[in-house]
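Hi everyone, thanks for coming.

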Amino acid sequence: MLDTPIVHFDNVVKKFGSFTAVEKADFQIARGEFLAIMGSSGCGKTTTLRMLAGLEDPTEGNILLDGKKINGKPTWERDTPMVWQSLALFPFLTVQENVEFSLKMRKVPKGERRERARKWLDRLGILEFADRNISQLSGGQRQRVALARSLVTEPKILLLDEPLSALDAHLKVRMQSVLSGLQKDLGITFVYVTHSMSEAFSMADRVVIMSRGKIEQIGTPEEIYREPRNRFVAGFLGSSNVFDGRLKSSGNEVWQIETEHSSFNLKAPSEVQKTDGSPVAFAVSSENMSLATIGTPWAGNSIEATVVGGEFAGASATVFLETDQGQELKVQKGHDELKTVDIRAGQKLLVHWLPEHCHVLPGE
Amino acid sequence: MNTRPSLFSLTFSLPLLIWQLAFFLFPLAFLVALSFWTVRNFQMQPDFDTVNWVKIYSRSVFWDAYFRTLLLASASAVLISLTAFPASYAISFKLGENAKRWMIFVLIIPFFTSYLVRVYSLQVFLSDAGILNAFLGYLGLGPYSMLNNSFGTLTGYATLCLPLVILLQVFSLNFVNRDLVEAAHNMRCGRLRTVLEVIIPSAKAGLVIAGLFAFILSFGDFVSPLYLGGGNPPTLSIMITDITKSGQQWPRAAVVALTMIATLLTVAFAAIKFAYREAGK
């Protein structure tokens, strides 16, 4: 039993009328894993989570929980507690009664109910508010009540639908560490839906990136960051420049790519096979690009571009440029490195980067 | 904080204030004064005599009517709220947006015709040889006496209050956060139990106020107890007309009216306090 994944989405499709909310989702979630499902609004991430919780029925395919098919089982027959974005705490009950609710539904005797609820309130540091009304608590405290309420039955899996989105930045970071700490201590599976890359990448063991109902990539945060599979993921991470071209010559060490700008060299990828002449797209992270004055001799890849504008807030600066062919580029650098070049709007500069910083997008 | 009302807010609230003073507070004060007047030779005269209060409050007929009215109005509030709830729940939770709007429209239609007309036409249905008894007789049942008794009165109250109570319940159910319902299901709370444990507590304020409206409208109603309930034994509103008709006893009618107002204020206050009571400290 232990080697079976706790959740298996087997070619799951969800349609609302003619609209396809989730398209052929096919993935597994390992026991004790912290999985984040990430994407912008309307990408199908919440629908995916709701199907797992039993709040929506898949149109096609099967969902297996603990190796057993759970399609068609109503949510009240599943052990898939969920934390809502709105938290969905009951305002007509006290904190303690909220936490006891699911135990009461399971017919746990009153004394035991009380004790278990208090144990969880204590563990989450909100025992002193046990007799309060929900409306008297702060955002962070409510968050903890919602967690206690879902964890009190000691489930094997916890579903979270953007639970931190209503909190301010500081509290968010604090709750992130509470959440990942809890998940590690309890050793249970967390499935966490979010639109925030920082939340997903800082807590999750693996991240699923979705767009328009399709899963674009699944991998560890590092894998996704270093090796985005396609243009969408590279763009979604927000810091990559993508070039399209054709493979001119594929050596063992170096590939030469012909683009509309000029030809670029990149380090031959070990895991991608392409024949000469086939289309290739590659991404260069904006941190790996540098700027120099036109005419500076440079051995790697380079391209001329005009400065459009910049953002100079924070530790690093972001410069936006446009090539003569109209492609937009983004370069992110420390302030010191930018001192040597003139970055006024309209200025022409040389953008350059090393062949090893080019990443071929295998999904394109 | 500056608690002085601004000119802007005064401009809009003054007409209401003047209206309330002229047509509620002043008549109420006059009613209080009137209850101490006396009647000699069918003529009222200003006085300060507690005789009316003593006379009314010492009569068992008054207290019988008082408790009958209280019981009928309470039964009306409870029965109408219970009858209305399944309909309100279905409209709010089970119908699509379009059907919901149609149902709300349909519930407003009864208010197009006068209440008195509706009550008269109910006599045709409820009388011993009426439509309902004819139908029941066809099935080999009855005839049942449905007119000139509490059944008739309560049927009349329902004609008056049911559409309004359903509307008020629907509006309060519409405000129930749907996430709470799903969260309850997610925590193993089945459908019926969710209605009792989550939906009703969430909509409590609106549901109590809907019931309160049924109570207030029924408590003061004159038409149904007279034309469908038969008027004998009387309710308080029938008693008021009887008293005024017999020997110009307006001061004694004022005592009954003031007792009714005090009762309504007490019930309304208690109901609203209950409606907005929160869990926990």
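So, what does the secondary structure of chain B come to? It's 13 helices and two strands, where helices (H or I, at least four residues) and strands (E, at least two) are DSSP runs numbered from the N terminus. Before going on: this is a predicted model, where local features need pLDDT of at least 70, side-chain atom pairs count only at pLDDT 80 or more, and totals for chains, interfaces and linings use all residues. Residues are numbered from 1 along each chain as its sequence is written, and chains are lettered from A and ligands numbered from 1 in the order in which they are written.

Staying with chain B, its C-alpha atoms fill a box of roughly 75 × 75 × 35 Å along the principal axes. UniProt, in an unreviewed entry, puts "domain: ABC transmembrane type-1" at residues 66-273 of chain B; annotations like that may be inferred rather than shown by experiment. That span is 78% helix and 0% strand, and its end C-alpha atoms lie 24 Å apart.

Now, where the chains meet. The contact takes 21 residues from chain A and 19 residues from chain B, counting two residues as in contact if their C-beta atoms, placed from the backbone, lie within 7 Å. On the chain A side, helix H2 (residues 95-105) gives the most, with four residues.

Over to chain A itself. It's divided into domain 1 (5-226) and domain 2 (231-360), with bounds from an automatic or database domain assignment. Their C-alpha centres lie 39 Å apart, and the contact between them takes seven residues from domain 1 and four residues from domain 2. On the domain 1 side, strand S9 (206-211), strand S10 (214-219) and helix H7 (221-226) each supply at least two residues.

Last stop: a sheet in chain A. Five strands form an open sheet in the order S15-S19-S16-S17-S18, with antiparallel pairing; strands pair if DSSP finds at least two bridges between them.
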